[in-house]
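Student: I have a new model open and would like to learn how to read it. Where do we start?

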Amino acid sequence: MKAKNMPRDEAQEESIQLNTSFDRILGQRGIKNHLYAALRANSVSHAYIISGEKGSGKLKLATAFAAAMLCEDHAERPECACGKCRMCIQVQNGTNPDLSVLNLGKDMSKKKTASISIDEVREQMLQSIHIRPYHGRAKVYIVPDAQNLTQQAQNAILKSIEEPPPYVRIMLLTDNTEKLLQTIRSRCVELSMKAVPDSLMRQFLMKEYRVPDYRTSAILSFAQGNEGRAREYAAGDAFLDKVRYVAKLLGAIRDLPSYEWVAEAAQLAADKAAVRDYLGLFTSWYRDLYLLKSGGDRKYLIYSEYGEKIQAESERVSYGYIQRSVSAVERAEEQLDRNVAPELVLDNLFAVFSGISEGIP
Ligand SMILES: [Zn+2]
């Protein structure tokens, strides 16, 4: 959304800073080369789907691409935005009239399960799509969370992709391409974000965050090549504290009296925002148990510092228990999506982890 369409206090509160530089994106060599070639040959496609999990940097990539198309000063590198001209500064501030990012400025986390309606698409995209660009040669629309577009909204966008005005560029960002209509997918160039190599991420964490070596390894194994997650984990101790907590709890939960894990559930549920982080950590724990139980190599553990504990635990539990636990986490995620009380969700989950409940088969 252009800032002028946003209530003033909201725009100020969020202080938007969009990325204009391909260099600030870790890895993604293949995608960058593809885009550089298209920019140099002036053969940029009308519509792209950029897919990748949350935190993989889809929006950063999309806005860098947009800036490269809109920049007025390509003297240094024809395929990259200069980051200094009027157009680039406006992209950074979210005020470029030739770039619209749908729903930018709203709390994206709250949009996770909410759908993007045809009205939002009309208002922020279709109403202006036939107006020629103000400055640049292109008019760029970025749709984050495109998996949340309703069927109607997708059909409306499809028409624009089928017969686009020559200057229009549309980028649909999604963590799930399956949710997009086949007719849309067949008309877009699909680019999928790749995991960032550990060596690159390690350098980055040491340089940018001055993370000491012993912490880097833990961060790398949990980030799994996801730049956003790595940044979040590196920014403070909170994440590694959670890791320690989960290793301690799950390593002992089958031996704890139920009143103890009920109390833990209550405590975790109090921090609503963190519950999903914990669910992710639970899944990784059971994934590691499975790895060692099936004879996998310890070097592939996510909980790399807890090899002994996981080995011992994997010998005590059955494959059935691991499978039930993983399914129970998936169900817990669905329940949170449906706004079931976190405490109840965790109670049910811990009952499965502790072995007293088989869960819902
Ligand atoms: Zn520029």
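Tutor: Start at the end of a helix. H9 is followed by Gln-224, and the phi of Gln-224 is positive, near 50°. Keep in mind that this is a predicted model.

Student: Which residues of H9 are buried?

Tutor: Thr-216, Ile-219, Leu-220, Phe-222 and Ala-223 are. Here is the general idea. An α-helix has 3.6 residues a turn, so residues three or four places apart point the same way.

Student: What covers the buried residues of H9?

Tutor: The cover includes H8, helix H10 (227-234) and helix H11 (238-252).

Student: How do I describe two helices that pack together?

Tutor: Two packed helices are described by the angle between their axes and the distance between the axes. Take helix H8 (residues 198-209) and helix H9 (residues 213-223). Their axes come within 10 Å and cross at roughly 130°. H8 and H9 are therefore oblique to each other. The crossing of H8 past H9 is right-handed.

Student: Which residues of H8 and H9 meet?

Tutor: H8 brings Asp-198, Met-201, Arg-202, Leu-205 and Met-206. H9 answers with Thr-216, Ile-219, Leu-220 and Ala-223. Sort the residues of this contact by class, and you get six nonpolar, one polar and two charged.

Student: Can we follow one residue closely?

Tutor: Take Leu-220, which sits in helix H9.

Student: Why does Leu-220 count as buried?

Tutor: Count the neighbours. Leu-220 has 21 C-beta neighbours inside 10 Å, so it counts as buried. The cut-off is 20 or more. Now look at its partners. Setting aside neighbours within four places in sequence, Leu-220 is in contact with Asp-198, Met-201 and Arg-202.

Student: How far is Leu-220 from Leu-26 in sequence and in space?

Tutor: They are 194 residues apart in sequence. C-alpha to C-alpha, they are 14 Å apart in space.

Student: Let me try another helix pair. At what angle do H11 and H13 pack?

Tutor: H11 and helix H13 (residues 275-293) pack at about 55°, with their axes 10 Å apart. That angle makes H11 oblique to H13. H11 passes H13 in a right-handed crossing. From H11, the contact uses Lys-242, Val-243, Val-246 and Leu-250. From H13, it uses Asp-277, Tyr-278, Leu-281, Phe-282 and Trp-285. By class, the contact of H11 with H13 has seven nonpolar, no polar and two charged residues.

Student: Is Gln-28 buried or exposed?

Tutor: Buried, because Gln-28 has 23 C-beta neighbours inside 10 Å.

Student: What is the phi of Asp-145?

Tutor: It is near 55°, a positive value in a residue other than glycine. Asp-145 is in the loop between strand E3 (139-143) and helix H6 (151-162). Asp-145 has 24 other C-beta atoms within 10 Å, so it is buried.

Student: Now step back. Into which domains is the protein chain divided?

Tutor: Domain 1 covers 3-192, and domain 2 covers 237-354. These bounds come from an automatic or database assignment. The C-alpha centres of domain 1 and domain 2 lie 37 Å apart.

Conventions. Residues are numbered from 1 along each chain as its sequence is written. This is a predicted model: local features need pLDDT of at least 70, side-chain atom pairs count only at pLDDT 80 or more; totals for chains, interfaces and linings use all residues. Axes are lines fitted to C-alpha atoms, for helices over the stretch in contact, and angles run from 0 to 180 degrees between N-to-C directions. Helices (H or I, at least four residues) and strands (E, at least two) are DSSP runs, numbered from the N terminus. Angles under 35 degrees count as roughly parallel, over 145 as roughly antiparallel, 65 to 115 as roughly perpendicular and the rest as oblique. A crossing is left-handed if the near helix is turned anticlockwise from the far one by less than a right angle, and right-handed if clockwise. Two residues are in contact if their C-beta atoms, placed from the backbone, lie within 7 Å. Ala, Val, Leu, Ile, Met, Phe, Trp, Tyr, Cys and Pro count as nonpolar, Asp, Glu, Lys and Arg as charged, and the others, Gly among them, as polar. A residue is buried if 20 or more other C-beta atoms lie within 10 Å of its own, exposed if 12 or fewer, and partly exposed in between; C-beta atoms are placed from the backbone.
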